[in-house]
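Please read it alongside the sequence and the coordinates.

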Amino acid sequence: MYRIMINRKYARYKRSKHMEGMSSQDRVLRMLYGNRAGDVVLKWLIRPEISEIVGRFMDSGLSRFMITPFIRKNNIDISICQKHEFDSYNDFFKRKLVAGSRPVEKTNSGFISPCDSRLTVYDIDDTDRQVFNIKDSEYTVASLLRDKKLAERYRGGKLWLFRLCVDDYHRYIYNVSGMQSDIRRIDGVYHTVNPIASDYYDIYKENTREYCLIRTENAGTIIDMEVGALLVGRIVNRYEKSTEIRLGDEKGYFEFGGSTIILITQKDKVMPLNRIVVNSSKDVETRVRQGELVGFV
């Protein structure tokens, strides 16, 4: 059984400052953190059977009433979708766009965004102590991967954090060509909640995530990870076994729930565009679209 061993200095929860586009699920979780009543509710909500019930509801026709208000509230452009009527909320959430809606910038040395998102890029100075805030949880690279040896290969590299909002397109593509490894899945875990101060709580939770390694010709070996919601954040990847992949091909999609994509690149292999570097140094996210150039190999 995997046991989390983490210095208490890095085991505190701090509310993320990012509120734009947060999913209703994430808002509910944030509201529940740090109070005794919330503790009880969370322990009930995270039960597998509850997640299963919510997932079935989102897959059913009963959830269709949620679609139109969501489209209006978030100004979703349905005209570029392959279909305009949906069987369920999940059917809408994983909608496909018509060809050409997200053109891919293909250059010999370009590095593109795999998804619509808000992007921040971080230098990886330490893989076992440096903490990154990902979907309101704190991870080191080692704890994110659950593999210290693998994480160490990326010391000195970069962590590319693509935060998808509720109004973003929730399908994602391969942003490189190469050979993909088998997918590794890590199920979400909720550990403990004890209120102590206004913004900090002694909690540790892990989101569901899947990742693979992609060996490329010019960009080294890239870790490509999808992070789903703690409760119902289903990740659907096209390939689960080792296979050759091509830049621009669809890799998968998220179903209902907030979502994030993380790319981890090795030292001196990929450099972000200067505007992204500048924004990231100020902890400012850069809005990017799937297929858009975000760096160079």
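Gly110 has its place in strand β2, in what is a predicted model.

Gly110 and its surroundings
- With a relative accessible area of 18%, Gly110 counts as buried, because that value falls under the 20% limit used for this class.
- Leaving aside residues up to four places away in sequence, Gly110 touches Leu293, Gly295, Phe296 and Val297.
- Although Gly110 and Leu293 are 183 residues apart in sequence, their C-alpha atoms are 6.4 Å apart in space.

The sheet
- The bridge partner of Gly110 in β21 is Phe296, and β2 pairs with strand β21 (residues 293-296) in the antiparallel sense over 3 bridges.
- These strands belong to an open sheet of 3 strands, ordered β2-β21-β19, with antiparallel pairing.
- The edges are taken by β2 (110-112) and β19 (271-272), each of which has a single partner strand, so one side of each is left without a neighbour in the sheet.

Nonpolar cores
- The largest nonpolar core contains 40 residues, of which Tyr89, Phe92, Phe111, Leu119, Trp160 and Phe162 touch the most other members.
- At least two residues of this core come from each of α4 (67-74), α5 (89-93), β3 (117-123), β6 (158-164), β13 (209-215) and β18 (259-265).
- Another core, lying apart from the largest one, has 21 residues, including Ile134, Leu145, Leu159 and Leu213.

Note on methods
Residues are numbered from 1 along each chain as its sequence is written. This is a predicted model: local features need pLDDT of at least 70, side-chain atom pairs count only at pLDDT 80 or more; totals for chains, interfaces and linings use all residues. Side-chain values use heavy atoms; hydrogens and water are left out. A nonpolar core is a set of buried Ala, Val, Leu, Ile, Met, Phe, Trp, Tyr and Cys residues joined through side-chain atoms within 4.5 Å. Buried means under 20% relative accessible area, exposed over 50%, partly exposed in between (1.4 Å probe, protein chains only). Helices (H or I, at least four residues) and strands (E, at least two) are DSSP runs, numbered from the N terminus. Two strands pair if DSSP finds at least two bridges between them. Contact means heavy atoms within 4.5 Å.
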